[in-house]
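Take a look at the chain below. Follow its helices from one end to the other, then read on for a guided tour.

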Amino acid sequence: MRDLTIGALSKRTGVKVPTIRYYEQIGLMPPVPRTESGRRSYGGDDLKRLGFIRHARNLGFEIEEIRQLIALSGDPDQPCADADAIARRHLAEIDDRIARLTALRGEIARMVDHGRHGAIAECRVIEVLADHGQCADPAH
C-alpha cells in the first residue's frame, strides 16, 4: 500500500524532504508513483529502504558504498563476502581518521598545555601555528 506522502516519509525516517528528493535524483531511492495531483506516493518498501540509507549514512558510509550495499541486498541468496569487504574498507577508513584525529588532538593539547598564557607575542598557540616545524608530529 502506498499511502505515505514525502512529508510523512520524512517524519517517519528523520530524513529531510530535500534529501529524499536528492536520493531519488541520484537513484538511491527508486522513482515512486505519483497521485493524480502529482504528489509522490510512498509505501512500506520505500520506508525500509530510506531507513537503510539513513542508518548507513549515520554510520558514515559514502553514497557509492550504500549504492553497492543496496544492490547486494537485492540478491539475498548470494554470499555476504562483498558486503563484508565494503564494511572492512569503511572500518579501515574510520581507523585512519581516528589515528589522524588522535594526532591532531595531541598536537593541540601540547600547544595549549605548554603555552605561556601571557601576551600574544609569547603565545605558544600562535608560535606553533606560524611554524609547522615546532609540531611534535609533522604528519598530522
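**How the helices pack**

Helix α3 (residues 44–58) packs against helix α4 (residues 63–73) at an angle of about 140 degrees, and their axes lie 10 Å apart. Axes here are lines fitted to C-alpha atoms, for helices over the stretch in contact, and angles run from 0 to 180 degrees between N-to-C directions. Helices (H or I, at least four residues) and strands (E, at least two) are DSSP runs, numbered from the N terminus.

This is a predicted model, in which local features need pLDDT of at least 70, side-chain atom pairs count only at pLDDT 80 or more, and totals for chains, interfaces and linings use all residues. Residues are numbered from 1 along each chain as its sequence is written, and side-chain values use heavy atoms, with hydrogens and water left out.

Back to the first pair. α3 and α4 are therefore oblique to each other. Angles under 35 degrees count as roughly parallel, over 145 as roughly antiparallel, 65 to 115 as roughly perpendicular and the rest as oblique. From α3 come Arg49, Phe52, Ile53, Ala56 and Arg57; they meet Ile63, Ile66, Leu69 and Ile70 of α4. By class, this contact of α3 with α4 has 7 nonpolar, no polar and 2 charged residues. Ala, Val, Leu, Ile, Met, Phe, Trp, Tyr, Cys and Pro count as nonpolar, Asp, Glu, Lys and Arg as charged, and the others, Gly among them, as polar.

Now the second pair. The axes of helix α1 (residues 6–13) and α2 cross at roughly 105 degrees and come within 9 Å. α1 and α2 are therefore roughly perpendicular to each other. Ile6, Gly7, Leu9 and Ser10 of α1 make the contact with Val17, Ile20 and Arg21 of α2. Contact means heavy atoms within 4.5 Å.

Two single residues come next. Ser41 sits in the loop between α2 and α3. Ser41 is buried, at a relative accessible area of 11%. Buried means under 20% relative accessible area, exposed over 50%, partly exposed in between (1.4 Å probe, protein chains only). Beyond its neighbours within four places in sequence, Ser41 is in contact with residues including Arg2, Asp3 and Asp46.

Met111 belongs to helix α5 (residues 81–113). Met111 counts as buried, at 5% relative accessibility. Leaving aside neighbours within four places in sequence, Met111 touches Arg124, Val125, Val128 and Leu129.

Last, confidence. The mean pLDDT of the protein chain is 90; pLDDT is the predictor's confidence in each residue, from 0 to 100.
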